[in-house]
Amino acid sequence: MIQRRIRHEPIAYITGHKEFFGIEFYVDPRVIIPRPETELLVEQALELANRRFPRSCISTDIGTGCGAIAIALASNLTQAKVYATDISASALEVAAINCQRHGVTGQVQLLQGDLLDPIPEPVHLVVANLPYIRDSEIAELSAESKLFEPMIALAGGEDGLEWIRKLLSQAGDKMSQDGAILIEIGYEQGVAVASLATEVFPEAAIRIVPDLSGHDRVVIIDDVYR
Ligand SMILES: C[S@@+](CC[C@H](N)C(=O)[O-])C[C@H]1O[C@@H](n2cnc3c(N)ncnc32)[C@H](O)[C@@H]1O
C-alpha cells in the first residue's frame with residue numbers, strides 16, 4: 001500500500017472506498033473520486049426537491065461516475081426517482097455496485113449515453129457535475145488526478161464549458177415546465193455559466209451559490225419556463 005501511495009495512487013483507490021454525504025462509496029480508477037465540494041450540489045438539490053416537489057420528484061444525475069449524487073439524493077428523498085447517466089460504461093459498473101450496496105436499485109435507474117440523451121421522460125430536476133477543467137489546466141492537476149483518475153471525468157474542453165453548454169442546450173426538451181437545473185462549476189465559471197443559462201432560459205431565476213470557502217460552486221437555474 002505504501003508503494004502504491006509513493007507512486008501517487010490516491011488513498012481512496014488503494015482502500016477502495018470514499019465517504020460522500022455521510023455515505024460510503026466503493027471507488028476504483030474507473031471513476032473519479034467524489035469531492036467534498038459536490039456535497040453542496042446535493043444539499044441544494046435536496047432543498048429544492050423537498051420545497052417544490054415534496055410528493056414526487058423525478059431527478060437526474062448527469063455524469064454519475066460512482067453514483068455518489070444519485071445515491072445521496074435517492075437515500076434522502078423517499079419520493080424521488082433518479083435517472084443517473086454516464087457516457088462511460090465502466091463508470092456505470094461502479095455505480096451499479098454502489099446502488100446494490102445502498103439498496104437503491106429500485107429508485108436509481110442507470111443509463112448509458114451522452115448527457116440527457118437517454119432520459120426517457122420529463123424531469124423536475126437536472127443535477128449535473130460534469131467535467132469542467134479547461135484543457136490548458138489539465139497539466140496543472142495533481143499527479144494523483146493526472147495519473148489515476150479517468151480523463152473523461154475531468155476534461156471540459158477549451159474553456160471548460162463544453163459539456164455544460166451542451167447540457168443547457170438539451171435540457172429544455174427533457175424537463176417539466178416548473179423544473180430546475182443545478183450544475184457544479186469551477187470557481188471562476190459562475191458568471192460565464194449564468195450568462196449561458198440566461199441565453200437559453202431568459203425567463204428563469206438564476207442564482208450562483210458559493211461553497212464554504214466562498215468560491216462560486218453551483219449554478220441554479222430555477223423555474224426554467226416561468
Ligand atoms: C466530474 S465527474 C463527476 C462524477 C460524479 N457525479 C461525482 O460528482 O463524483 C464527471 C462524469 O461525467 C461523465 N461524462 C463525461 N462526459 C459525459 C457525457 N457527454 N455524457 C454523460 N456523462 C459524461 C464522466 O464519465 C464522469 O463520470
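A salt bridge is a side-chain nitrogen of Lys or Arg within 4 Å of a carboxyl oxygen of Asp or Glu. In this predicted model, Asp 28, Arg 30 and Glu 93 are linked in a network of such bridges. The structure holds 14 salt bridges.

Q: What makes the pair Arg 4 and Glu 9 a salt bridge?
A: The N to O distance between the side chains of Arg 4 and Glu 9 is 2.7 Å. The cut-off is 4 Å, so the pair qualifies as a salt bridge.

Q: Why is Glu 9 called buried, and why is Arg 4 called partly exposed?
A: Buried means under 20% relative accessible area, and partly exposed lies between that value and 50%. Glu 9 has 10% and is therefore buried. Arg 4 has 32% and is therefore partly exposed.

Q: What makes the pair Asp 222 and Arg 52 a salt bridge, and which elements hold the two residues?
A: The closest N and O atoms of Asp 222 and Arg 52 are 2.6 Å apart, and the limit is 4 Å, so the term applies. The pair links distant parts of the chain, with Asp 222 in strand S9 (residues 216–222) and Arg 52 in helix H3, 170 residues apart.

Q: Is Asp 222 buried or exposed, and how is Arg 52 classed?
A: With a relative accessibility of 11%, under the 20% limit, Asp 222 is buried. Arg 52, at 23%, falls between 20% and 50% and is therefore partly exposed.

Q: Why is Gln 44 counted as buried, and which residues does Gln 44 contact beyond its neighbours within four places in sequence?
A: Its relative accessibility is 16%, which is under 20%, so Gln 44 counts as buried. Gln 44 lies in helix H3 (residues 38–52). Leaving aside those sequence neighbours, Gln 44 is in contact with Leu 182, Arg 207, Val 209 and Ile 220. Other buried residues of H3 include Leu 41, Ala 45 and Leu 48.

How values were computed:
Residues are numbered from 1 along each chain as its sequence is written. This is a predicted model: local features need pLDDT of at least 70, side-chain atom pairs count only at pLDDT 80 or more; totals for chains, interfaces and linings use all residues. Side-chain values use heavy atoms; hydrogens and water are left out. Helices (H or I, at least four residues) and strands (E, at least two) are DSSP runs, numbered from the N terminus. Buried means under 20% relative accessible area, exposed over 50%, partly exposed in between (1.4 Å probe, protein chains only). Contact means heavy atoms within 4.5 Å.
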